[in-house]
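Subject: Structure for your review

Dear colleague,

Please find below the structure that I am handing over to you.

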Amino acid sequence: MTATIYLIRHGETTWNRIGRLQGQADSPLTLKGTRQAEAVGHALRAELAERPFRFWSSPLARTRQTSAIICDVLGHDYETITFDDRLMEITLGDRDGYAGWRELARDFPEEAEIRRKDPWNFRHPNGESSQMVQDRVRPILAEWKAKGGVHVVVSHGVAIKILRGLQLSLTEAETFALDRPQEAFHRLHGDGIDVIGVTMP
Amino acid sequence: MSHTGPLYLLRHGETIWNRAKRLQGQKDTPLTLKGARQAEAMGHALARELAGTPAAMFYASPLGRTRQTAAIVADQIAHDPEAILHDDRLMEVTFGIWDGLNIEELRADHHDAWQNRLKDRWRFVPPGGESYQMVGERVGAFIAALPAAHPIVIVAHGAHNRVFRGLWRGMQPEDFLALDEPQDGFYRLEAGGTETFIQA
């Protein structure tokens, strides 16, 4: 049985708006982010067309908030969501919550230099590399494909890029170059990916 | 109370557990779609009420549902969400090991304790939790320490806000608990222990 997987990023948060780095730290959805979640829910409802599905979410607050709103639009019971730690955002460890990339490069120039040379394997102190994130999301992608059916997944910018990279067998550089939309989501089916746009109110 | 107001006291919007009639206490669930819309409507009404006057101080409970509500409200009144002050004294009463339980289950499974609670709701301490009286102490300390600045916006919780309003109005503690916990509007508290409901 073929699997269809919908990958949805959380709506805009207060830290997204000011460029502050979240990682596994958290900030709530903005008013705009709340409306994005609702708009994604409506587009997804049309897309699902009454097919049964399983709902997966990262357990961080911004994805819980997004999932709750999408569930209400779909008429789906929030209490049946599977919260899976493997869907959490990449953590920057000690740098989670830092003011921004420019500030990080200014305050930790040696780390920025190491990162520039090998971004895929770079880890902030106590953080994760992109490779480590790929290692934790690869099995869950394989699980969805083995199960078949429809899976709705609410996760994060980097985690979703890496899932899309796996689906399309992209190189590290190609994976980094992917976008992280909040007013569109992705459908994985067979070996391909489609982008589904969302109409904002 | 020493502060002269105006002080705007809001409760978070409806959450998943509010809808399921589960006690949240200091556990947490996110806002429902309805709850997000309530937060938006309260923010809109607050913006109308403030009529361009910036909030001098914006406080919120640090629990998830109040952070989420406060962020939506802050966007409506053009207040920087990074400038919201999170104060633990604004947290909801915790029911200890009862946090997260459905109210009907609680009545059935903890019948004797529940009956004891009804005998003295003000002083009753749930197992591992707080009495309303204990909440009154931390809320009273918060109010006493408020800066003279105004207007002040506060986003907190149902039971917490009942205690807050009771203290503000100088009511008898037993009467605090009969106050309402709206999510479709909020209270404006002013000098002389008065309050006005603002419909969103």
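In strand S6 of chain B, Thr196(B) is the bridge partner of Arg188(B). This pair belongs to the contact between strand S5 (residues 185-190) of chain B and S6(B), which pair in the antiparallel sense over six bridges. Strands here are DSSP runs of E with at least two residues, helices are runs of H or I with at least four residues, and both are numbered from the N terminus. Two strands pair if DSSP finds at least two bridges between them.

Before going further, please note that this is a predicted model, in which local features need pLDDT of at least 70, side-chain atom pairs count only at pLDDT 80 or more, and totals for chains, interfaces and linings use all residues. Residues are numbered from 1 along each chain as its sequence is written, while chains are lettered from A and ligands numbered from 1 in the order in which they are written.

The sheet of chain B

The strands S5(B) and S6(B) are part of an open sheet of six strands with mixed pairing, in the order S3-S2-S4-S1-S5-S6. Strand S3 (85-86) and strand S6 (194-199) of chain B stand at the edges with a single partner strand each, so one side of each has no neighbour in the sheet. Helix H3 of chain B packs on this sheet and touches strand S1 (7-11), strand S2 (57-60) and strand S4 (152-156), its direction making about 145 degrees with that of S4(B). Helix H7 (residues 158-169) of chain B also packs on the sheet, where it touches S1, S4, S5 and S6 of chain B, and its direction makes about 155 degrees with that of S1(B). For such angles, axes are lines fitted to C-alpha atoms, for helices over the stretch in contact, and the angles run from 0 to 180 degrees between N-to-C directions. Two residues are in contact if their C-beta atoms, placed from the backbone, lie within 7 Å.

The axes of H2(B) and H3(B) come within 8 Å and cross at roughly 35 degrees. Their crossing is right-handed, a term used when the near helix is turned clockwise from the far one by less than a right angle. On the H2(B) side, the residues that meet H3(B) include Ala36(B), Met42(B) and Leu46(B), and on the H3(B) side they include Thr69(B), Ile72(B) and Val73(B). By class, this contact has seven nonpolar, four polar and two charged residues. Nonpolar means Ala, Val, Leu, Ile, Met, Phe, Trp, Tyr, Cys and Pro; charged means Asp, Glu, Lys and Arg; the others, Gly among them, are polar.

How many residues of chain B are in contact with chain A? There are 15, and they meet 15 residues of chain A. The elements that give two or more residues to this side of chain B are helix H2 (33-50) and helix H3 (64-76). The largest share, seven residues, comes from H3(B). The residues of this side divide into eight nonpolar, four polar and three charged.

The sheet of chain A

Chain A has an open sheet of six strands in the order S3-S2-S4-S1-S5-S6, with mixed pairing. Its edge strands are strand S3 (82-83) and strand S6 (192-197), each of which pairs on one side only. Strand S2 (residues 54-57) of chain A pairs with S4(A) in the parallel sense over four bridges, and Phe55(A) has Val152(A) in S4(A) as its bridge partner. S2(A) also runs parallel to S3(A), to which two bridges join it, and Trp56(A) stands opposite Thr82(A) in S3(A).

Helix H7 of chain A

H7(A) lies across S1, S4, strand S5 (184-189) and S6 of chain A, running at about 150 degrees to S1(A). The buried residues of this helix (residues 157-167) include Val158(A), Ile160(A) and Leu163(A). A residue is buried if 20 or more other C-beta atoms lie within 10 Å of its own, exposed if 12 or fewer, and partly exposed in between, with C-beta atoms placed from the backbone. The cover over these buried residues includes strand S1 (3-9), helix H6 (130-147), strand S4 (149-155) and helix H8 (172-176) of chain A.

Two exposed loop residues

Asp77(A) lies in the loop between H3 and S3 of chain A. Why is Asp77(A) exposed? Asp77(A) counts as exposed because 11 other C-beta atoms lie within 10 Å. Glu50(A), in the loop between helix H2 (31-48) and S2 of chain A, is exposed, with 6 other C-beta atoms within 10 Å.

Yours sincerely
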